[in-house]
Amino acid sequence: MSHQQSVLDLKALVRSFHSLIAIETVEEERVRAILSEVAESLQLPFFEWSVTAGFHRGYGSAIGNTQEALGALKHMAELQHDAIYMLKDLCPHLTKPETTRALRELAAKLTHTASAIVLTGEPIELPRDLEAMAVRFTLELPDEGERRDAVRRVVDAMKARQPVQVDLSRDDAQHLIQALAGLTLQQTRTVIAQAIVDDGKLTPLDIDQVIRAKGEIIDRGGLLEFFPLEDNHFELGGFARLKEWLANAQTGFTAEAKALNLQAPKGVLFAGVQGCGKSLAAKFIAREWKLPLLKLEAGRLYDKYVGESEKNFRRATTVAQAMAPVVLWIDEIEKAFASTTAADADGGLSQRLFGSFLTWLQEKEDGVFVVGAANDVNRLPPELLRKGRFDEIFFVDLPTSAERETIFAIHLRSRKQDVARFDLAQLAAAGEGFSGAEIEQAVIASLYCALRTKAPLTTEALLDALRTTVPLSVARHEDVERLRRFSEGRFTPVA
Ligand SMILES: Nc1ncnc2c1ncn2[C@@H]1O[C@H](COP(=O)(O)OP(=O)(O)OP(=O)(O)O)[C@@H](O)[C@H]1O
Ligand SMILES: [Mg+2]
């Protein structure tokens, strides 16, 4: 969503007599810019309040005795004309009953006027009665135009202090602006300033640094992990049907498809045997489509150290939306909706979260391709398996003999072994029932052994490693069989 869209949406809220609007954000400055535009186009004066600056208009000084929240609210209650009020970080002051009351009365009084009170801060926790009166507005992350502006301003500001050399072609600049997607304006400025400070230049080399810095910022949030395209070298053996499906689906992103009123692909879900490449497939999709990858650790949605689940989910989708085109990989997706079947186990939280997820899945804009990976299909809510939620649900089975050959080759090659020296057919035969993860493990274990004995790795040593391992498909034979039976005819095989 663009700056302009935010202005329009907020204007619509104000005009429909919403007198108390809460915008939970750290991006005060952006809200300020948006609100002053709203005020201007509605021909209303724009006032601000903060505990340090008091109640004031524009760059003027505090009016009267309004440093204290209560003083400011009382002052506002006496004003005769309509206005837009932006109250920064008011919430911590709402612990006092008289302040809460004053806000409530003021909001009620303004309900039938053209005025609106806008609360900003992070977090915004309101007493229940105020929450009921307030409408929440989500500030989207800055769009391309805002990011471009921000970069320009940082460069100009730094030029005033030191020589700055900008060495970017049109394409480079576009790439840089795209690389900044998903960051707040403040983060954008910091990242760009850092990139310039190093050597006094802004060059294509800085794009990589920006992508890395963004990765760190996103990871720090605790919920999303960012894999830049540049770091995605994962190879996936087998999965022939999936690969074909992807080649087809990719055409769904083209202008030609759009012209035929075809929707861009929404997402796929992987279910299947442990260690057989569900997670890897998510990484592979991003790589095939040359898109950055965002991983949402579903289990962490409920992590109380990370904060409120619903808010976290919203935040994650906001970042993903801002970074589009992107692959959003939700690993262990069943954990996100852990107890949807046991409705009240968590006060309906996972029910609500599941509801928001389905809605989002249905309504999200093109450009965020969702890849769900489920480790336990029995715990998936049936609604998720229904047709139309995902474009396709894939079942990932144990690799076939030919696939095992490829998987051996991938993992030997990635550890600098000359694949031609090994009897892949024999290895594949001996690896019957092994998952990709177990094959990789056998390669690693026998390489350790070879290193210790200072002997080159041989087919024989690999066969030994296979012989001494009991694969999961044997150890947990019944579970694997049950999963296969459940999936047959229901899901599309990947191979
Ligand atoms: N088809 C494959 N091609 C290449 N490597 C594979 C394949 N399948 C599995 N592997 C190897 O096994 C590792 C584990 O696979 P992955 O994590 O994708 O499995 P998973 O199905 O997500 O397992 P889990 O159920 O434990 O989450 C991969 O990182 C990769 O090294
Ligand atoms: Mg996995």
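Lys and Arg count here as positive and Asp and Glu as negative, while His and the chain ends are left out. On that basis, this predicted model carries 59 positive and 70 negative side chains, and the centres of the two sets lie 1 Å apart.

Now for the overall picture. The chain has 495 residues, of which 50% count as buried, and its C-alpha atoms fill a box of roughly 90 × 60 × 50 Å along the principal axes. Among contacts with a separation of 6 or more, 77% come from residues 24 or more positions apart.

The secondary structure comprises 21 helices and 15 strands. Seven strands make an open sheet with mixed pairing, in the order β9-β11-β12-β13-β10-β14-β15. β9 (224–227) and β15 (492–493) each have a single partner strand, so one side of each lacks a neighbour in the sheet.

Helix α12 (residues 278–288) lies across β10, β11, β12, β13 and β14, and runs at about 175° to β12.

Strands of a sheet pair through backbone hydrogen bonds, either parallel or antiparallel. Here is an example of each sense:

| Strand pair | Sense | Bridges |
|---|---|---|
| β2 (residues 46–50) and β3 (residues 54–57) | antiparallel | 4 bridges |
| β10 (residues 267–272) and β14 (residues 392–396) | parallel | 5 bridges |

β2 and β3 form a hairpin with 3 residues between them, and Glu-48 has His-56 of β3 as its bridge partner. For Leu-269, the bridge partner in β14 is Ile-393.

How values were computed
Residues numbered from 1 in each chain as written. Chains lettered and ligands numbered in written order. Predicted model: local features only at pLDDT ≥ 70, side-chain atom pairs only at ≥ 80, totals over all residues. Heavy atoms only, no water. Pairing = 2+ DSSP bridges. Helix = DSSP H or I, 4+ residues; strand = E, 2+ residues; numbered from the N terminus. Buried < 20%, exposed > 50% of the residue type's maximum accessible area, 1.4 Å probe, protein only. Contact = heavy atoms within 4.5 Å. Charge placed at Lys NZ, Arg CZ, Asp CG, Glu CD. Axes fitted to C-alpha atoms, helices over the stretch in contact; angles between N-to-C directions.
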